[in-house]
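Me: I am new to this structure and would like to learn how to read it. Could you walk me through some features, one at a time?

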Amino acid sequence: PGADWPIGREALDPWLGPACELLEIPAEFPDAELAPDLRRVTFHFSPPVRFGDKYHDYCERSQNLRVFLNSALVGLAPDEGPDGPRIRSAEVVSGPAGSEESRRWSVEADTFVLCLGGIENSRLLLWANEQAGGSLVPNPDQIGRYWMEHFDGLVAEAVVSRNLVNQTGAEMESPAWRSQGSELYFAMSEEFQRREGVLNATFLFLEQAYAGTKQLVADIMCVAPPIGRRLMGLLERDLVCGARVQAMWEQAPDYDNRVALGTTTDPLGLPEVELHWRVTETDRRTIETLTLGLAGRFAEADLGRMRPNDWIVRPERPMMLGSTPAHYHHMGGTRMSASPADGVVDSDLKVHGLGNLYVGGSSVFPSGGYVNPTLTIVQLALRLADHLAVQG
């Protein structure tokens with residue numbers, strides 16, 4: 001519930017190639033079905049591209065851009081236009097806050113686009129709405145709501161075949177987890193997720209040391225001697241290897257997970273952020289169900305054997321997340337929706353009820369999926385740029 005986008009993938013597909021070109025990654029993401037409900041999925045990682053470095057000279061030469069560094073947007077001034085409410089100007093502070101070099105100034109424009117990040121977009125809109133007496137948007141209670149992250153944690157150990165073979169018998173990349181940058185990623189099918197009523201996750205297999213693998217095979221031998229003996233023979237011939245299984249999974253959109261304004265202020269005079277974030281039962285059930293499903297499909301297809309971690313099979317144990325419980329993938333807060341009752345921006349990323357204010361970034365995501373959000377952010381940015389160009 002609450003995870004629907006008002007646009008489909010086809011609305012972003014025209015900007016996939018250009019976005020991949022900007023990020024310097026291939027524009028193809030081939031998946032392979034290994035067994036019923038089991039897919040190998042493809043991740044591409046940017047070199048990485050540092051936009052400040054890549055576009056510095058372009059920005060400096062452009063006659064159509066003005067770039068202000070060491071500056072912060074601190075307010076939006078609304079106005080009543082001929083077609084309804086709009087933003088008249090934006091207030092900016094440049095230089096060190098509170099110093100003699102600091103100065104405040106404002107800029108007027110026909111169109112404004114907020115691209116401040118997955119928390120700051122919500123904070124600035126909340127602050128602007130408070131400054132406007134709570135009347136900036138039709139449903140201000142939606143601002144900051146449904147904030148999401150990606151969970152991250154080790155979920156299992158595994159002994160897997162070095163030659164993963166798909167259903168057609170074609171050999172796949174192997175050994176695929178021996179060199180950095182060529183790890184294997186797996187996911188369960190959409191049909192499996194729908195049947196089980198869970199969200200999405202990806203599983204990364206990371207090779208572990210021989211000693212750990214040998215111990216894992218010995219443990220398997222205790223509960224399934226024939227399988228353990230076979231795996232030990234394969235291990236000695238370097239035909240299988242051990243892996244730690246790391247998952248990154250989707251969080252359910254939750255109205256109570258939100259960005260809010262705190263009671264203390266920062267050096268610029270803006271309220272600091274309060275982040276209200278909790279784990280739901282769906283978040284827990286998603287990773288338990290998908291991990292056990294993955295283990296079952298691996299065994300059925302004889303691709304290897306997995307031992308889920310204790311907290312996966314014992315619901316009374318707390319979730320054992322990684323050293324950082326989330327992935328720095330801030331999403332939601334200014335979510336895209338068909339109606340002002342359900343979100344903050346429309347399908348063109350324009351704030352509901354305001355004629356000239358748009359929002360860019362992953363804060364507009366109604367749901368998070370399991371993948372890094374940058375590619376979708378860039379696709380949405382290119383789509384918005386083309387939309388604004390057509391609008392004139």
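Reply: Gladly! Keep in mind that this is a predicted model. Let us start with a pair of strands: E2 and E9 run antiparallel to each other and are joined over four bridges.

Me: Which residue stands opposite methionine 188 of E9?

Reply: That is leucine 38. E9 has another antiparallel neighbour, strand E10 (residues 201–207), with three bridges between them. There, phenylalanine 186 has phenylalanine 203 of E10 as its bridge partner.

Me: How many residues of E9 are buried?

Reply: Buried means under 20% relative accessible area. In strand E9 (residues 184–188), five of the five residues are buried, so the strand is mostly covered.

Me: Now a helix, please. How do I work out where its buried residues point?

Reply: Here is the general idea: an α-helix has 3.6 residues a turn, so residues three or four places apart point the same way. Now try H1, where Leu16, Ala19, Cys20 and Leu23 are buried. These residues cover an arc of only 100° around the axis, which means they are on the same side of H1.

Me: What do the buried residues of H1 pack against?

Reply: They pack against H2 and helix H10 (374–391).

Me: What happens to the backbone just after H1?

Reply: Just after H1, glutamate 24 takes a positive phi of about 60°, and glutamate 24 is a residue other than glycine. Its place is the loop between helix H1 (16–23) and strand E1 (32–35). Glutamate 24 has a relative accessible area of 46%, so it counts as partly exposed.

Me: What sits over the ring of tyrosine 146?

Reply: The charged end of arginine 335 does, 4.0 Å from the centre of the ring.

Me: How many aromatic pairs are there in the whole structure?

Reply: A search finds 14 of them. To read one, check how far apart the ring centres are and how the planes are angled. For phenylalanine 151 and tryptophan 277, the centres are 5.7 Å apart and the planes are at 25°, so this pair is stacked. Phenylalanine 151 is in strand E8 (residues 151–161), while tryptophan 277 is in the loop between strand E13 (271–276) and helix H8 (281–300), so the pair ties together parts 126 residues apart in sequence.

Me: Are those two residues buried or partly exposed?

Reply: One of each: phenylalanine 151 is buried at 0% relative accessibility, whereas tryptophan 277 is partly exposed at 29%. Both also belong to a cluster in which ring pairs link Trp147, Phe151, Trp249, Trp277 and Trp311.

Me: Where is there a cis peptide bond?

Reply: Look between proline 47 and proline 48, where omega is about 15°. Proline 48 lies in the loop between strand E2 (38–41) and helix H2 (51–54).

Me: And what does the whole protein look like in numbers?

Reply: The protein has ten helices and 16 strands, and 46% of its 392 residues count as buried. Its accessible surface comes to about 19700 Å², with 51% belonging to carbon and sulfur atoms.

Note on methods:
Residues are numbered from 1 along each chain as its sequence is written. This is a predicted model: local features need pLDDT of at least 70, side-chain atom pairs count only at pLDDT 80 or more; totals for chains, interfaces and linings use all residues. Side-chain values use heavy atoms; hydrogens and water are left out. Helices (H or I, at least four residues) and strands (E, at least two) are DSSP runs, numbered from the N terminus. Buried means under 20% relative accessible area, exposed over 50%, partly exposed in between (1.4 Å probe, protein chains only). Accessible areas come from the Shrake-Rupley method with a 1.4 Å probe; for residues, only the protein chains shown count as cover. Rings of Phe, Tyr and Trp (its six-membered ring) pair if their centres lie within 6.5 Å; planes under 30 degrees apart count as stacked, over 60 as edge-to-face and the rest as tilted. A charge sits over a ring if NZ of Lys or CZ of Arg is within 6 Å of the ring centre and within 35 degrees of the ring normal. The arc is that of the directions from the helix axis to the C-beta atoms. Contact means heavy atoms within 4.5 Å. Two strands pair if DSSP finds at least two bridges between them.
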